[in-house]
Amino acid sequence: MILNTYRYIAGALRVHYWVLTLFLFCACFLGSPYARAQNSPDTEKHLYFYHVWGFLKYHHPALAVGNISADSLFLRYLPPLDNASTQKEVNQVLALMLQEVGMPGTPKVTPSLNKTPHAFLLRNLDDRWRTRSRYLNADNRKALQTVFDHRFTDEKHQYTYVRYNPYGGTMPNEPAYEIPKEENVPYALRMLALAKFKAFVDYLYPHKYLMDENWDMVVQDFIPLFSQAGSRQAYETALLGLNARLDDSQAFPFFRQLHYKESIFKNKFYPPFDYKVIDRRIVVTNLIDPELCAKSNIQVNDVLEELDDQPIDVWVSALENVLSVSNRSALWAKVGEWGDNLLFRSADSDTKVLLLRGNDLISVNLQLIDPLQPDKAQLIDQYFKKRLNPVKKKKGLQWIGDSIAYVQINDTERLSEDVQIEDIGKRLDSLFNQIIAAKGLILDLRGTPDNSDFVYEHLYRKFGTADNLFARYYLLNPETPATYSYLARREAYFPTNITPLGAPRPAKVVLLVNGSTQGIGEWLAMNLQHLFPEAITIGQQTAGADGDVKRFYLPGNYVVECTANAVFYPDMTTTQRIGIKINQEVKSTLKAMQEKRDEPLDRAIELINAN
């Protein structure tokens with residue numbers, strides 16, 4: 001990883017200083033013994049210590065039932081590990097830890113007899129570190145094998161069982177270790193954070209095998225960063241870089257909780273206008289501070305081509321190393337959030353901008369807003385209150401012309417908001433009858449669903465078939481951490497207490513998706529593709545983060561989120577990182593946006609109107 005980082009830096013010396021600083025953790029490497037430390041005895045002994053500790057945490061019955069605290073065990077043996085100077089001494093420390101936890105007295109685990117194809121997902125299972133390791137001595141390898149043979153197999157594990165939520169939630173019994181933001185997290189807790197993160201990915205993250213980089217190498221690279229983090233900001237920077245390595249769009253929000261994110265991202269100052277990111281450029285959509293925009297010569301529909309002499313694409317590419325996303329489509333869909341302010345990074349209240357207005361390229365000095373100033377805060381508040389309270393739509397279905405029904409997945413509750421709960425089904429059934437008689441139906445999934453029951457229950461009741469098995473969902477297999485078992489319970493895919501009517505389907509159905517279609521949105525898209533087999537799915541690559549969300553705490557009171565389980569199509573095509581299946585790629589273009597057109601929607605209308 002570090003070689004790739006240096007190649008990038010060496011090939012990008014022309015890039016502005018603030019672009020370079022977006023390689024946040026990389027900056028820590030410059031002038032440090034980072035590259036040499038990767039294979040040093042210190043990093044290697046820590047890596048194996050984390051291996052053994054994480055293995056015990058998730059396999060040993062004494063830890064699994066809470067008789068031994070995993071965190072306390074780690075903190076007790078970290079000092080002697082640090083004092084060990086040879087491989088032999090490290091093995092002695094590990095032997096003492098294994099001796100303390102003892103060998104399990106539970107019966108030997110009998111391998112599963114389930115030979116059904118694709119019953120288990122085994123791609124993350126890799127025990128070579130303990131079975132073939134030349135670093136661990138024979139006695140320690142034997143002890144670890146004994147623990148594995150007599151491992152804990154019950155569902156109610158101290159560190160994995162979430163009551164009332166078998167699909168995800170916050171992992172239990174992980175202390176937050178809250179520390180005032182002005183103080184650094186102590187060394188021992190920093191190393192515990194890294195070990196926890198490693199063990200979580202090793203045993204509870206279903207998509208470890210899809211990560212771009214080898215996870216053990218990543219952890220080994222980050223050992224000196226966590227060890228040498230001399231400030232809270234340096235610790236947060238290391239966490240940020242580690243989180244980005246998940247390559248998971250569900251993990252994207254991690255940066256929002258950082259105390260020092262303004263210092264890390266250099267984004268104290270905000271643009272005086274609202275904007276959208278289209279075709280890898282920034283388009284001004286509204287003015288938040290008209291006076292400041294006038295001083296900066298900024299107008300609505302201006303297209304920002306460069307910031308501080310660098311193309312927007314360069315600025316966004318730098319973010320890939322510090323933000324977790326499954327794919328680039330998701331990154332571009334997320335970086336345009338005004339409140340996150342990920343694009344306008346400047347240490348000063350002004351920045352150089354090259355913009356396109358009509359056919360003219362104009363260079364301006366953009367003056368930025370300090371949102372802490374009371375008058376600017378008031379302008380921002382007034383603008384977003386207005387933006388977040390759009391004009392109320394009419395009751396009932398939206399129609400394009402008089403023959404195409406248009407339903408937005410983030411606006412389905414409005415369809416039945418004025419009826420009693422017991423009458424919702426009747427209201428929606430009457431609307432579905434209108435859709436059946438229409439020329440076609442456009443279902444727009446470019447947003448966060450407001451009520452998944454609209455698809456799961458109501459559309460299924462009207463149009464579904466008996467077995468709506470549109471996906472294969474894999475949950476953590478409690479018998480063997482790091483493996484996942486197929487969820488065969490039919491109610492996960494459709495309501496088994498409902499007999500579908502199997503009504504005639506709409507003449508034509510088009511699904512719209514893009515990088516903002518994520519998680520439950522992707523899950524519902526798969527369901528709709530199955531409910532309407534002739535549907536055409538168009539748009540752009542989805543976020544590639546299907547399934548529910550797991551959360552776990554790290555020292556310093558930080559919460560990591562990631563995709564909890566694995567989702568596949570029935571043919572075992574994965575959706576993680578790739579996104580859902582798309583029939584036609586249709587991108588939104590700059591020209592269409594300036595003309596206030598929605599190109600994917602226009603294309604959907606064309607498909608329905610075509611003979």
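**Exercise 1. Find out how exposed Arg-489 is, and which residue pairs with it.**

Step 1. Arg-489 has a relative accessibility of 38%, so Arg-489 counts as partly exposed; that class lies between buried (under 20% relative accessible area) and exposed (over 50%), with a 1.4 Å probe and protein chains only.

Step 2. Its partner is Glu-491, with 3.8 Å between the closest N and O atoms of this salt bridge (a side-chain nitrogen of Lys or Arg within 4 Å of a carboxyl oxygen of Asp or Glu). Glu-491 is partly exposed too, at 38%.

A word on the model: it is predicted, local features need pLDDT of at least 70, side-chain atom pairs count only at pLDDT 80 or more, and totals for chains, interfaces and linings use all residues. Residues are numbered from 1 along each chain as its sequence is written, and side-chain values use heavy atoms, leaving out hydrogens and water.

**Exercise 2. Work out which parts the salt bridge of Asp-302 and Arg-357 ties together.**

Step 1. The closest N and O atoms of this pair are 2.8 Å apart.

Step 2. Asp-302 sits in the loop between α15 (290–295) and β5 (303–307), and Arg-357 in strand β7 (residues 350–357), so the bridge links parts 55 residues apart in sequence. Helices (H or I, at least four residues) and strands (E, at least two) are DSSP runs, numbered from the N terminus.

Step 3. Asp-302 is buried, at 1% relative accessible area.

**Exercise 3. Compare the accessibility of Lys-462 with that of Asp-429.**

Step 1. Their side chains form a salt bridge at 2.9 Å, N to O.

Step 2. Lys-462 is buried at 7%, whereas Asp-429 is partly exposed at 27%.
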